[in-house]
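Hello,

Here is the structure for you to look through. My notes on what was found follow below it.

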Protein chains: 2
Amino acid sequence: MKPAHGFTALPLDEVYTLIEPGPVVLLATRGRAGDNVMAMSWHMMVEFTPPRIACVVSGGDFSFTALRANRACVIGIPPLAMAAQVVKIGNCSGRNVDKFATFDIPAYPAPQVKAPLIGGCFANLECRVIDTRLVNRFNLFVLEVVAAWQDPVITDRRTIHHKGYGHFAVDGTDITLPSRMP
Amino acid sequence: MKPAHGFTALPLDEVYTLIEPGPVVLLATRGRAGDNVMAMSWHMMVEFTPPRIACVVSGGDFSFTALRANRACVIGIPPLAMAAQVVKIGNCSGRNVDKFATFDIPAYPAPQVKAPLIGGCFANLECRVIDTRLVNRFNLFVLEVVAAWQDPVITDRRTIHHKGYGHFAVDGTDITLPSRMP
């Protein structure tokens, strides 16, 4: 099943090429009160295929309860063009604000998980929680990406990397070196 | 105790500002045969203070045995100027190569942990392993940074971010947005 918006499938074995560089991402969940989205920088790849991602979602974050209850989320990768929205998303809580409506971000039904796909992101990863053993001590969840989508309309895929207190490094020059690593 | 080289202390509560943007880092360990270093991109912050970092070190990596046995390592953050050395480090194994000698990288004694500080890196983090519950399933270690050093001589602190197969994004423009997040 494909999502309603004009997303195209992103091969699962390419997911790591988007997460490994360490961009700020958005994490969407579906709670009792509706859909919510937060900004996140504490995440890493754990496995290439099937793609698995670890992330830290604080127990103080409104998203925590829905993530633990549904064992599902969507990770969206916002381009530089969304930077101002990303910071606004990070500056408030879903407890008080309907962020999708307030910041004019479309939410699309995800085919496989109980969480929305995030409009404006050039990639959206549908994830299920597969390990919670480190949640109590570190708020660390391990996710498996079960489906991945990209928005072919978004061609400038430069991302932002958070250096603290609203300072971000934007992707600059690309360099290629003769690596034997995937 | 301070290291012999001209490193200066990096405040522990600033460590996350270096790891959170997702640069390629180097991980140094001390094994029976000597010191070894590998390139790593699968890491994330887990806690601000004390700084805690999760990382994935494959069971196939030569560093895995020493990391598990000593429960200690050093994470070095290489500047763009080290990119060629970083890729060479990633292209071979410590099983066959003394990488510090071969790639002309100085190793300095670390005051607190059984692993060397890495010359050429603008920051070095002395780390102890504090949780191994996800090692068997995911090769995921949780580390605590017990001391951190910076090299004041290295002023160009642009980093590289791996996008797969030797393609790297180099830090470009810095932008600042009015964030309420640390």
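**Core and chain contact**

B:Ile75 is in contact (heavy atoms within 4.5 Å) with B:Ile19, B:Val25, B:Leu26, B:Leu27, B:Met40, B:Ile53, B:Ala123, B:Asn124, B:Leu125, B:Cys127 and B:Leu143, leaving aside residues up to four places away in sequence. This is a predicted model, in which local features need pLDDT of at least 70 and side-chain atom pairs count only at pLDDT 80 or more, while totals for chains, interfaces and linings use all residues. Residues are numbered from 1 along each chain as its sequence is written, chains are lettered from A and ligands numbered from 1 in the order written, and side-chain values use heavy atoms, without hydrogens and water.

B:Ile75 is also among the residues with the most contacts inside the largest nonpolar core, which has 76 residues. Such a core is a set of buried (under 20% relative accessible area, 1.4 Å probe, protein chains only) Ala, Val, Leu, Ile, Met, Phe, Trp, Tyr and Cys residues joined through side-chain atoms within 4.5 Å.

As for the two chains, 54 residues from chain B and 54 residues from chain A take part in the contact. Together they bury about 5,100 Å² (accessible area, 1.4 Å probe, lost on being put together, summed over both), and 59% of that is on carbon and sulfur atoms. Of the area that chain B buries against chain A, 14% comes from B:Glu20, B:Trp42 and B:Met44, more than from any other three residues.

Four salt bridges (a side-chain nitrogen of Lys or Arg within 4 Å of a carboxyl oxygen of Asp or Glu) are counted between chain B and chain A. One salt bridge joins the side chains of B:Asp174 and A:Lys163, at 3.2 Å from N to O.

Regards

Note on methods
Buried means under 20% relative accessible area, exposed over 50%, partly exposed in between (1.4 Å probe, protein chains only). Buried area is the accessible area (1.4 Å probe) that two parts lose on being put together, summed over both.
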